[in-house]
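Hello,

Here is the structure I promised to pass on to you. Have a look at it first, and then read on for what turned up.

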Number of protein chains: 2
Amino acid sequence: MQLGNMKGNNPLTLDNSVTEKYMRLAIDEARAAATIDEVPIGAVVVHDGIVIGAGHNMREEFQQTPYHAEMLAIMEACDALHSWRLEDCDLYVTLEPCIMCSGAIINARIRHLYYGASDPKGGAVNSLYHLMEDSRLNHQVEVTAGLLGDECSQMLKDFFRNIRRRRKLEKQKGQSKN
Amino acid sequence: MQLGNMKGNNPLTLDNSVTEKYMRLAIDEARAAATIDEVPIGAVVVHDGIVIGAGHNMREEFQQTPYHAEMLAIMEACDALHSWRLEDCDLYVTLEPCIMCSGAIINARIRHLYYGASDPKGGAVNSLYHLMEDSRLNHQVEVTAGLLGDECSQMLKDFFRNIRRRRKLEKQKGQSKN
């Protein structure tokens, strides 16, 4: 497991069994996305040990740009707390957040972000940018990267391999008809 | 008017009277936000000369982190086109977008972003970051900054001055009661 920066004044040190438990819930969300042919990414928001928001990628299903897992989990958490400020909340997501979701995490004042797989092409936490630690913004987010990272990464690889296989089969079927 | 970078392959060159017309609609949206005590920021999405999405800041009203003007305008536009890809769409917003909204604009494949006032503390288009021109991402957005910028800026200044006045009056009232 690759550990990211552990900054800020978080008084709570969660041991691995606890953080892995929440990441497994995010993985369950991701698997739910895969069953409807969405890229398997899942997220949960935890407050005082309780999951108050959960979401998985539904961009294709609803044809909505913002419907990434993190955004949907944050929106559910805002409803639960009746507040757009999610202070003292932690977010667990299976893939490194993009720019949009990183911005939402900062805007929501999320305390600690745990993510699984890295996203070299679009990740804005450690890959392309380091948005969570930008001291010019009015909030910084603690980060733990690579939590169950291999499992999260494998899930994405399997999903895309299945898509390629399916497309290949469809192509072969089309050729045999002609 | 301060003009931003004009990149990309946009075949359409809109003259000022057209772009100002759409920015005035975004300003109307912003004024609607002010009437419900939200920070006056408004946005519209335009496709083929038609406004297909409009929104104003409703973060406080709904206690939802993502309910910035741009996000709501993008969501309405996605519904209108039944697509999360808003290609050939332009977005007009009264204030320079934050990180979250900039990410959404890029994710939505918005063609051209027009914004009014700069946001030195949180703007991610020219102030803190230059996200729209990041060649590592799979989409870049043309930018025109400062369109009716003075008017957009003045609207925000008036809003915050009124809030300060109101707070001062409430404090004076409180003191006269004691």
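This is a predicted model: local features need pLDDT of at least 70, side-chain atom pairs count only at pLDDT 80 or more; totals for chains, interfaces and linings use all residues.

Two strands count as paired if DSSP finds at least two bridges between them.

Five strands of chain B make up an open sheet, ordered β2-β1-β3-β4-β5, with mixed pairing. The edges are taken by β2 (50-56) and β5 (142-145) of chain B; each has a single partner strand, so one side of each is left without a neighbour in the sheet. From one strand to the next, the twist averages 15°.

Inside this sheet, β3 (residues 89-95) and β4 (residues 112-117) of chain B run parallel and are joined by five bridges. One of the residues to look for is L95(B), whose bridge partner in β4(B) is A117(B).

Helices pack on the sheet as well. Helix α1 (residues 16-35) of chain B touches β1 (42-47), β2, β3 and β4 of chain B, and its direction makes about 145° with that of β1(B). Helix α3 (residues 69-81) of chain B lies across β1, β2 and β3 of chain B, at about 145° to β2(B).

Now to chain A. Where does E70(A) sit? Its place is in helix α3 (residues 69-81) of chain A. An unreviewed UniProt entry annotates E70(A) as "active site". E70(A) has a relative accessible area of 4%, under the 20% cut-off, so it is buried. Leaving aside neighbours within four places in sequence, its contacts include A43(A), L91(A) and C101(A).

Enjoy exploring!

Terms used. Residues are numbered from 1 along each chain as its sequence is written. Chains are lettered from A and ligands numbered from 1 in the order in which they are written. Side-chain values use heavy atoms; hydrogens and water are left out. UniProt positions are given in the numbering used here, feature names are shortened, and annotations may be inferred rather than shown by experiment. Helices (H or I, at least four residues) and strands (E, at least two) are DSSP runs, numbered from the N terminus. Buried means under 20% relative accessible area, exposed over 50%, partly exposed in between (1.4 Å probe, protein chains only). Contact means heavy atoms within 4.5 Å. Axes are lines fitted to C-alpha atoms, for helices over the stretch in contact, and angles run from 0 to 180 degrees between N-to-C directions.
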